[in-house]
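Open the model in your viewer and keep the selection tool at hand. The stops below say what to select and what is there.

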Amino acid sequence: MRDIITLACTECKQRNYTTTKNKKLTPGKLEFSKYCRFCRKHTPHKETK
């Protein structure tokens, strides 16, 4: 049931991280504050395809 998702930076749109999530328990899109090596700072990262 766990699917692999990709997290992209909301500022530079680079895809930096991959993680897994259970689509039954969390049907919405995930958002984390993570470090972006292209922006060189912590930025919000949203789930993308």
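Select Glu 47. At 12% relative accessibility this residue counts as buried, because buried means under 20% relative accessible area, exposed over 50%, and partly exposed in between, with a 1.4 Å probe and protein chains only. The model is a predicted one, in which local features need pLDDT of at least 70, side-chain atom pairs count only at pLDDT 80 or more, and totals for chains, interfaces and linings use all residues. Residues are numbered from 1 along each chain as its sequence is written, and side-chain values use heavy atoms, with hydrogens and water left out.

Keep Glu 47 selected and show what surrounds it. Leaving out residues up to four places away in sequence, Glu 47 touches Ile 5, Thr 6, Leu 7, Lys 21, Gly 28, Lys 29 and Leu 30; contact means heavy atoms within 4.5 Å. With Lys 21 there is also a side-chain polar contact of 3.0 Å. A polar contact is a pair of N or O atoms within 3.5 Å; within protein, one must be able to donate a hydrogen and the other to accept it, and residues adjacent in sequence count only if both atoms are side-chain atoms.

Glu 47 lies in strand β4. Strands (E, at least two residues) and helices (H or I, at least four) are DSSP runs, numbered from the N terminus.

Next, select His 42, which is also in β4. Is His 42 buried or exposed? At 58% relative accessibility, His 42 counts as exposed. Beyond its neighbours within four places in sequence, His 42 contacts Ser 33, Lys 34 and Tyr 35. The C-alpha atoms of His 42 and Cys 9 are 9.4 Å apart, with the two residues 33 apart along the chain.

Now colour β3 and β4 (residues 41-48): they run antiparallel and are joined by 6 bridges. Two strands pair if DSSP finds at least two bridges between them. Find Glu 31, which stands opposite Lys 46 in β4.

Move to β1 (residues 2-9) and β2 (residues 15-22), an antiparallel pair joined by 7 bridges. Ile 4 stands opposite Thr 20 in β2. These two strands form a hairpin with 5 residues between them, and Lys 13 in the turn has a positive phi of about 65 degrees.

Finally, show the four strands together. They make an open sheet in the order β2-β1-β4-β3, with antiparallel pairing. β2 and β3 (31-36) are at the edges with a single partner strand each, so one side of each has no neighbour in the sheet.
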